[in-house]
Amino acid sequence: MSAFPLLDTISDPCTVRRLDRRQLPQLADELRQFLIESVSRTGGHLSSNLGTVELTVALHAVYDTPEDRLVWDVGHQCYAHKVLTGRRGGMDRLRMHGGVSGFPKRAESPYDTFGVGHSSTSISAALGMALAAKLKNESRKTVAVIGDGAMSAGMAFEALNNAGVAGADLLVILNDNEMSISPPVGALNTILTRLMSGKTYNAARQGARHMLGFAPPLLELARRAEEHVKGMITPGTLFEEFGFHYYGPIDGHDLDALVPTLENLRRMRGPKFLHVITKKGQGYKLAEADPILYHGVSKFCPSEGIAASSGKGGKLTYTQVFGDWLCDMAAADPRLVGITPAMREGSGLVRFARDYPERYYDVGIAEQHAVTFAAGLACEGMKPVLAIYSTFLQRGYDQLVHDVALQNLAVVFAIDRGGLVGADGPTHHGTFDLSFLTCIPNMVVMAPADEPECRRMLSTAFSLDCPSAVRYPRGGGTGTQPAADLETIPVGKAEVRRRGREVALLAFGSLVPAAEAAGESIDATVVNMRFVKPLDADLVSELAGNHSLLVSIEENAAIGGAGSEVARILGERGLATPLLRLGIPDRFIDHGEQGQLLAEIGLDKEGILRAIAARQAKGPNSA
Ligand SMILES: Cc1ncc(C[n+]2csc(CCOP(=O)(O)OP(=O)(O)O)c2C)c(N)n1
C-alpha cells in the first residue's frame, strides 16, 4: 500500500478543495513525509519547506488558485506548493538540469505567479497584481507570503508603505518562524519576538478558534487598547499604522485555525495582514533542532540526518579561504570590520562572528544598506570588508556607484558565487558582476585563478586606498592550500602561465584551469589575467603583436565583461589582432550542475578548443 494514500489522490489544487476539511491534516502529514524523503534524495531547501506545509495546504484549499494569485517570497518554501500543483512527479529531478526548478518560475506552471529567488519582492509584485485586477475590474484575490527574515528588507517596507494606502485588495501573510537563515537581526525582529514571548500570543493561540468570526474579538480589542495606552509598538500597531488590517498571530501548523481564518480574510476587501507563527523544520526533529544546518541540504539519509562530519576532509572552498583570511587579517589589523547581509554561513563568516563579535555586523537582508553602511565606516578610517554573493550585490548597485566609488572609499567587496552557481539556477548565478563593476571609475576588480591567489588578492584589496572587488566562484578551485601569510600581488599585473604560438588565451579567474588545459593541447600562450581592472594593457599589446588570435575567457556575461575591456584596450591602441571573446552567452542559464552548465555553453576545455577551431576556420580577416 502507498505511504501516501491521500496525497496520491491529489493532482491539482481543485482536488485539494474537494477534500473534506477534516482530511487536510492527513494531507499535510503525508506531504511533509513526502518532502522529507524527496529532498533527502535530491538535496534542496528543507527547513523552510517543512515549516510551510500546513500554510500551503490551507492556501490552496481556500483560495481559487491559480485564478487567485499566490506570490511566494524568496520562493525557497514552495515545494509543497509544487507538489500540490501537479509537479509531484518532477520532484525527483528537483534543481537538476532539465528538472523542476527550486523556486517558483512562471514558465514552469500557471500556479507560479511570480518568478523569485531573491528575497522581499512578494509584496511589491502582489500589489502590482492586485491593482491590475482592480484596474481590469477583475474580482480575483492576491496573497503574498513573506518570512520574517525577508520582511526586514527595505523593499518589503517600500511595498508596505505603498500598499496600505493604495487600497489594494491584498493579503500579506507574515510567516514568522523567528529565523532568517541564521537568527534574524534588527529592530523588527525584536518587536516580533517581544510579542511572541508575551502573553498575547499564548492567549491568542488558545483563543484562536474563537477569533475566527472577526467580530473583533475582545482579546484583540483589549490588546489594541493596551497598545495604544502604553504607546507600545507591536506588529499589530506597526502594520496597522501602515494601513493594513492586522490579524493574528495564529498557529501556522493548526489547519483548524488557518483554514477558517483564510476563509474569512478571503471574503474581506482591502489591505490585510495575517501574522502566522511557524517552526522552521517542523515535523522533522533534526531540522527543528538545527534549522540552519537543514536550511539548504545535499542528499542525506532521513533516519540518520546530515552527518556531522560531512564537508570536512574535502578540499577547501573559496568561501572557507575567504573566512580564514578574514580572521587572519582581523588579527593583523584592528580597523577591519566584517559585514554580511544575512549570509553568515553562506559567506564563511561563522568563525569571524565568534572570534570578533565587536567587529562583525549581520545587517539583515539589506544589501543596499550593507554597502552604504560600509561606506560610512570607510569614511571614518575603518577598513570594511563586505562579504556578498555576486547575485545579491546587484541589489546594492547604486550604493556601490554613488556611495562608495564616487567618493573613492576603500571598501573591500568579497564577492562569492561569481559565475554559475549550479542548482539554484538563474536567480542566483553571478554572471554580471565583471560587467557592472568594470565600468565604475575608481574600482579595482580581481578574479583569482586558485585558492592561494584568492587569499593574496584579498590582502591586496585590503591594502588599497580605493574600492576593490575580489570575485571568486562557488565551491572549490584547484585544491591548492593557501599559505598563511598576508602577502599582496602587484596591481594590474597579469601572470603568463605558458608561452606558446599563434593563439594567446587571456583567462580570467575560475576559467584559468580550463584555459591552461586547452592551451596545452594546441600549444597556445596562456595568461592568468588576474585583474579585470586595471587590465594589464601592456601585456595585451605585446601578445597582440606576436600572436594571430587573442581569446578572452571568463565566467561572466560576454557582453560588457572582461573581454570587452580587452577589446577596448586593443581599439584604444590601434591593434588589429582578432579577438575571440568567450563568456556566458546573452541568455539566462538554467539550473543544473556547475560543470555540466559550463560544458553546455562551451566554457570547458573542449568548448574553448571548439570555439578556437571554428574561429580559425573562418580565416584571419573575420573579426
Ligand atoms: C536579496 C536576497 N538576499 C539574500 C538572500 C538569501 N536568503 C535566502 S532565504 C534567506 C532567509 C529568509 O528568511 P525568511 O524570510 O525568514 O524565511 P525562512 O528561511 O525563515 O523560511 C536569505 C537571507 C536572498 N534570497 N535574497
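Me: How many residues surround the ligand, and which are the closest?

Reply: The ligand is surrounded by 22 residues, and the closest are His76, Gly149, Met179, Lys280 and Glu367; a residue counts as near when one of its heavy atoms lies within 4 Å of the molecule. This is a predicted model, where local features need pLDDT of at least 70 and side-chain atom pairs count only at pLDDT 80 or more, while totals for chains, interfaces and linings use all residues. Residues are numbered from 1 along each chain as its sequence is written, and side-chain values use heavy atoms, with hydrogens and water left out.

Me: What lies 2.8 Å from an oxygen atom of the ligand?

Reply: That is a polar side-chain atom of His76, and a side-chain N or O atom of Asp148 is 3.2 Å from an oxygen atom of the ligand. The protein buries 97% of the 580 Å² that the ligand exposes when taken alone, with areas from the Shrake-Rupley method and a 1.4 Å probe.

Me: And which helix gives the most to that shell?

Reply: Helix H7, residues 148-151, gives the most, with three residues; helices here are DSSP runs of H or I with at least four residues, strands are runs of E with at least two, and both are numbered from the N terminus. By class, the shell holds eight nonpolar, ten polar and four charged residues, where Ala, Val, Leu, Ile, Met, Phe, Trp, Tyr, Cys and Pro count as nonpolar, Asp, Glu, Lys and Arg as charged, and the others, Gly among them, as polar.

Me: Changing topic, why is strand E8 described as largely enclosed?

Reply: Strand E8 covers residues 336-340, and five of its five residues are buried, so the rest of the structure largely encloses it. Buried means under 20% relative accessible area, exposed means over 50%, and partly exposed is in between, with a 1.4 Å probe and protein chains only. Leu336, Gly338 and Thr340 point one way from E8, while Val337 and Ile339 point the other way, and all are buried. In a regular strand, side chains alternate between the two faces of the sheet.

Me: Which strands does E8 pair with?

Reply: E8 pairs in the parallel sense with strand E10, residues 383-389, over four bridges, and three bridges join E8 to strand E9, residues 360-362, which also runs parallel to it; pairing needs at least two DSSP bridges between two strands. Leu336 stands opposite Lys383 in E10, and Thr340 has Asp362 in E9 as its bridge partner. From E8 the chain crosses through helix H16, residues 350-355, to E9 in a right-handed β-α-β crossover, meaning that, with the strands pointing away from the viewer, the path from the first strand over the helix to the second runs clockwise.

Me: Where is Pro66 found, and what joins it to Thr65?

Reply: Pro66 is found in the loop between helix H4 (53-62) and strand E2 (69-72), and a cis peptide bond with an omega of about 0° joins Thr65 and Pro66. Most peptide bonds are trans, and most residues other than glycine have a negative phi. Arg95, although not a glycine, has a positive phi of about 65°.

Me: Is Arg95 buried or exposed?

Reply: Arg95 counts as buried, at 15% relative accessibility, and its place is in the loop between helix H5 (79-87) and helix H6 (122-135).

Definitions and conventions:
Polar contact = N/O pair within 3.5 Å; in protein donor to acceptor, adjacent residues only side chain to side chain.
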